[in-house]
Amino acid sequence: MAKATSVKEALNKWEEKSGQKAAEATEIKLYAQVPPIEKMDASLSTLGNCEKLSLSTNCIEKITHLSGLKNLKILSLGRNNIKVLNGLEAVADTLEELWISYNLIEKLRGIQLMKKIKVLYMSNNLVKDWSEFAKLADLPCLIDLVFVGNPLQEKHSVEGNWMDEASKRLPNVKKVDGMLVIKPMEKE
(Lines give C-alpha, C1' and ligand atoms only; values in the text may rest on other atoms or scores of the structure.)
Protein backbone atom coordinates (compact mmCIF):
# COMPACT_ATOMS: atom_id res chain seq x y z
CA MET A 1 0.00 0.00 0.00
CA ALA A 2 1.34 3.44 -0.95
CA LYS A 3 2.26 5.86 1.80
CA ALA A 4 -0.14 8.80 2.13
CA THR A 5 0.86 12.15 0.65
CA SER A 6 1.66 14.69 3.37
CA VAL A 7 0.34 18.24 3.08
CA LYS A 8 3.97 19.37 2.94
CA GLU A 9 4.63 17.11 -0.10
CA ALA A 10 1.40 18.25 -1.75
CA LEU A 11 2.36 21.91 -1.22
CA ASN A 12 5.80 21.27 -2.74
CA LYS A 13 4.18 19.66 -5.81
CA TRP A 14 1.71 22.57 -6.00
CA GLU A 15 4.56 25.12 -5.90
CA GLU A 16 6.44 23.32 -8.67
CA LYS A 17 3.36 23.12 -10.85
CA SER A 18 2.03 26.64 -10.22
CA GLY A 19 5.33 28.49 -10.00
CA GLN A 20 4.01 30.31 -6.92
CA LYS A 21 5.08 30.27 -3.30
CA ALA A 22 2.39 28.60 -1.20
CA ALA A 23 2.97 31.04 1.68
CA GLU A 24 2.02 33.95 -0.63
CA ALA A 25 -0.84 32.36 -2.61
CA THR A 26 -4.49 33.28 -2.01
CA GLU A 27 -5.89 30.06 -3.55
CA ILE A 28 -4.40 26.61 -3.10
CA LYS A 29 -5.81 23.38 -4.54
CA LEU A 30 -4.58 20.14 -3.01
CA TYR A 31 -7.55 18.00 -4.01
CA ALA A 32 -7.38 14.40 -5.27
CA GLN A 33 -3.75 13.79 -4.36
CA VAL A 34 -2.27 10.43 -5.38
CA PRO A 35 -1.74 8.81 -2.98
CA PRO A 36 -4.35 10.77 -0.98
CA ILE A 37 -3.68 13.11 1.94
CA GLU A 38 -4.77 11.43 5.19
CA LYS A 39 -3.81 14.12 7.73
CA MET A 40 -4.00 17.90 7.74
CA ASP A 41 -0.53 18.64 9.11
CA ALA A 42 1.30 21.66 10.54
CA SER A 43 2.53 22.83 7.13
CA LEU A 44 -0.99 24.24 6.58
CA SER A 45 -0.18 26.92 9.15
CA THR A 46 2.28 28.49 6.70
CA LEU A 47 -0.58 29.52 4.38
CA GLY A 48 -1.21 32.93 5.93
CA ASN A 49 -2.46 34.58 2.71
CA CYS A 50 -4.70 31.71 1.62
CA GLU A 51 -8.35 32.71 1.15
CA LYS A 52 -9.53 29.52 -0.60
CA LEU A 53 -8.14 26.11 0.31
CA SER A 54 -9.26 22.90 -1.36
CA LEU A 55 -8.42 19.57 0.22
CA SER A 56 -11.36 17.65 -1.31
CA THR A 57 -11.21 14.08 -2.55
CA ASN A 58 -8.56 12.81 -0.17
CA CYS A 59 -8.79 10.53 2.89
CA ILE A 60 -8.71 13.16 5.65
CA GLU A 61 -10.40 12.09 8.88
CA LYS A 62 -9.86 15.13 11.14
CA ILE A 63 -9.84 18.89 10.61
CA THR A 64 -6.60 20.19 12.16
CA HIS A 65 -3.80 22.78 11.85
CA LEU A 66 -5.86 25.70 10.53
CA SER A 67 -4.57 28.26 13.06
CA GLY A 68 -2.18 30.01 10.65
CA LEU A 69 -4.88 30.57 8.02
CA LYS A 70 -5.82 34.08 9.12
CA ASN A 71 -7.47 35.04 5.80
CA LEU A 72 -9.31 31.81 4.97
CA LYS A 73 -12.79 32.47 3.52
CA ILE A 74 -13.53 29.22 1.63
CA LEU A 75 -12.59 25.76 2.85
CA SER A 76 -13.33 22.78 0.63
CA LEU A 77 -13.16 19.40 2.38
CA GLY A 78 -15.71 17.42 0.36
CA ARG A 79 -15.20 13.72 -0.36
CA ASN A 80 -13.06 12.84 2.64
CA ASN A 81 -13.65 10.70 5.76
CA ILE A 82 -14.39 13.53 8.20
CA LYS A 83 -16.71 12.56 11.06
CA VAL A 84 -16.80 15.72 13.20
CA LEU A 85 -16.51 19.47 12.69
CA ASN A 86 -13.97 19.97 15.50
CA GLY A 87 -10.93 21.93 14.36
CA LEU A 88 -12.76 24.76 12.61
CA GLU A 89 -12.47 27.08 15.66
CA ALA A 90 -9.19 28.50 14.33
CA VAL A 91 -10.92 29.94 11.24
CA ALA A 92 -14.26 30.79 12.86
CA ASP A 93 -13.69 34.54 12.50
CA THR A 94 -12.98 34.52 8.75
CA LEU A 95 -14.61 31.46 7.17
CA GLU A 96 -17.58 32.33 4.92
CA GLU A 97 -18.01 29.10 2.97
CA LEU A 98 -17.56 25.51 4.10
CA TRP A 99 -17.85 22.79 1.48
CA ILE A 100 -17.99 19.49 3.34
CA SER A 101 -20.29 17.24 1.30
CA TYR A 102 -19.68 13.50 0.99
CA ASN A 103 -18.19 12.92 4.43
CA LEU A 104 -19.33 10.95 7.49
CA ILE A 105 -20.70 13.81 9.63
CA GLU A 106 -23.59 12.89 11.89
CA LYS A 107 -23.34 15.59 14.58
CA LEU A 108 -22.97 19.35 14.05
CA ARG A 109 -21.30 20.15 17.37
CA GLY A 110 -19.00 23.14 16.89
CA ILE A 111 -20.82 24.60 13.88
CA GLN A 112 -22.29 27.43 16.01
CA LEU A 113 -18.80 28.98 16.31
CA MET A 114 -18.84 29.76 12.58
CA LYS A 115 -20.56 33.16 12.88
CA LYS A 116 -19.55 34.37 9.38
CA ILE A 117 -20.59 31.26 7.42
CA LYS A 118 -22.83 32.26 4.50
CA VAL A 119 -22.60 29.06 2.46
CA LEU A 120 -22.64 25.53 3.87
CA TYR A 121 -22.55 22.67 1.41
CA MET A 122 -22.93 19.49 3.43
CA SER A 123 -24.88 17.13 1.23
CA ASN A 124 -24.48 13.37 1.52
CA ASN A 125 -23.43 13.19 5.15
CA LEU A 126 -25.13 11.27 7.99
CA VAL A 127 -27.22 13.91 9.82
CA LYS A 128 -30.50 12.29 10.81
CA ASP A 129 -31.98 14.37 13.64
CA TRP A 130 -33.75 17.73 13.70
CA SER A 131 -31.90 18.43 16.98
CA GLU A 132 -28.62 18.45 15.02
CA PHE A 133 -30.11 20.44 12.12
CA ALA A 134 -31.36 23.04 14.65
CA LYS A 135 -27.74 23.97 15.43
CA LEU A 136 -27.60 25.63 11.99
CA ALA A 137 -30.07 28.25 13.29
CA ASP A 138 -27.16 29.63 15.38
CA LEU A 139 -25.43 30.79 12.18
CA PRO A 140 -26.62 34.40 11.69
CA CYS A 141 -25.13 34.83 8.18
CA LEU A 142 -26.12 31.46 6.68
CA ILE A 143 -28.06 32.06 3.46
CA ASP A 144 -27.23 29.05 1.25
CA LEU A 145 -27.46 25.47 2.54
CA VAL A 146 -27.10 22.24 0.58
CA PHE A 147 -28.26 19.34 2.74
CA VAL A 148 -29.61 16.84 0.20
CA GLY A 149 -28.58 13.23 0.75
CA ASN A 150 -28.55 13.35 4.55
CA PRO A 151 -30.93 10.81 6.18
CA LEU A 152 -32.97 13.68 7.71
CA GLN A 153 -33.52 15.32 4.31
CA GLU A 154 -34.26 12.01 2.57
CA LYS A 155 -36.86 11.02 5.16
CA HIS A 156 -38.69 14.36 4.98
CA SER A 157 -38.48 14.57 1.19
CA VAL A 158 -40.39 11.29 1.03
CA GLU A 159 -42.96 12.79 3.39
CA GLY A 160 -43.01 15.88 1.18
CA ASN A 161 -42.35 18.50 3.87
CA TRP A 162 -38.57 18.94 3.71
CA MET A 163 -38.43 22.50 2.29
CA ASP A 164 -41.15 23.77 4.64
CA GLU A 165 -39.56 22.22 7.72
CA ALA A 166 -36.01 23.27 6.83
CA SER A 167 -36.93 26.88 6.02
CA LYS A 168 -39.11 27.17 9.13
CA ARG A 169 -36.14 26.13 11.29
CA LEU A 170 -33.70 28.42 9.44
CA PRO A 171 -35.59 31.69 8.89
CA ASN A 172 -32.58 33.59 7.43
CA VAL A 173 -31.71 31.03 4.77
CA LYS A 174 -32.48 32.12 1.19
CA LYS A 175 -31.59 28.87 -0.61
CA VAL A 176 -31.94 25.23 0.45
CA ASP A 177 -30.60 22.46 -1.79
CA GLY A 178 -30.23 24.90 -4.67
CA MET A 179 -33.84 26.09 -4.51
CA LEU A 180 -34.90 29.57 -3.47
CA VAL A 181 -36.85 29.59 -0.23
CA ILE A 182 -40.21 31.23 -0.74
CA LYS A 183 -41.59 32.62 2.49
CA PRO A 184 -45.34 33.11 2.83
CA MET A 185 -46.35 36.77 2.79
CA GLU A 186 -46.62 38.16 6.29
CA LYS A 187 -49.97 39.58 7.30
CA GLU A 188 -50.06 43.29 7.98
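**Rings, a pocket and cysteines in a predicted model**

The charged end of Arg79 is placed over the ring of Tyr102, 3.8 Å from its centre; a charge sits over a ring if NZ of Lys or CZ of Arg is within 6 Å of the ring centre and within 35 degrees of the ring normal. Arg169 likewise lies over the face of Trp130, at 3.7 Å from the ring centre.

The model is predicted: local features need pLDDT of at least 70 and side-chain atom pairs count only at pLDDT 80 or more, while totals for chains, interfaces and linings use all residues. Residues are numbered from 1 along each chain as its sequence is written, and side-chain values use heavy atoms, with hydrogens and water left out.

Trp130 also belongs to a cluster, in which ring pairs link Trp130, Phe133, Phe147 and Trp162. The structure holds six aromatic pairs (rings of Phe, Tyr and Trp, the last by its six-membered ring, with centres within 6.5 Å; planes under 30 degrees apart count as stacked, over 60 as edge-to-face and the rest as tilted). One of them joins Phe133 and Phe147 edge-to-face, with 5.0 Å centre to centre and 85° between the planes. Phe133 lies in helix H2 (residues 130–133) and Phe147 in the loop between strand S6 (144–146) and helix H3 (151–159), so this pair ties together parts that are 14 residues apart in sequence. Helices (H or I, at least four residues) and strands (E, at least two) are DSSP runs, numbered from the N terminus. Phe133 is buried, at 0% relative accessible area, and Phe147 is buried, also at 0% (buried means under 20%, exposed over 50%, partly exposed in between, with a 1.4 Å probe and protein chains only).

Attention now turns to the largest pocket. Its lining consists of Ala10, Lys13, Trp14, Lys17, Ser18, Lys29, Leu30, Tyr31 and Gln33. A pocket is an open set of points on a 1 Å grid over the protein atoms alone, where a 1.4 Å probe fits, with protein on both sides within 12 Å along at least five of seven lines; lining residues have an atom within 4 Å of a point. Helix H1 (residues 7–18) gives the most to this lining, with five residues. Tyr31, from the loop between strand S1 (27–29) and strand S2 (52–54), is partly exposed, with a relative accessible area of 43%.

Finally, the cysteines. The count of disulfides (pairs of cysteine sulfur atoms within 2.5 Å) is zero. Cys50 is buried at 0% relative accessibility, whereas Cys141 is partly exposed at 31%.
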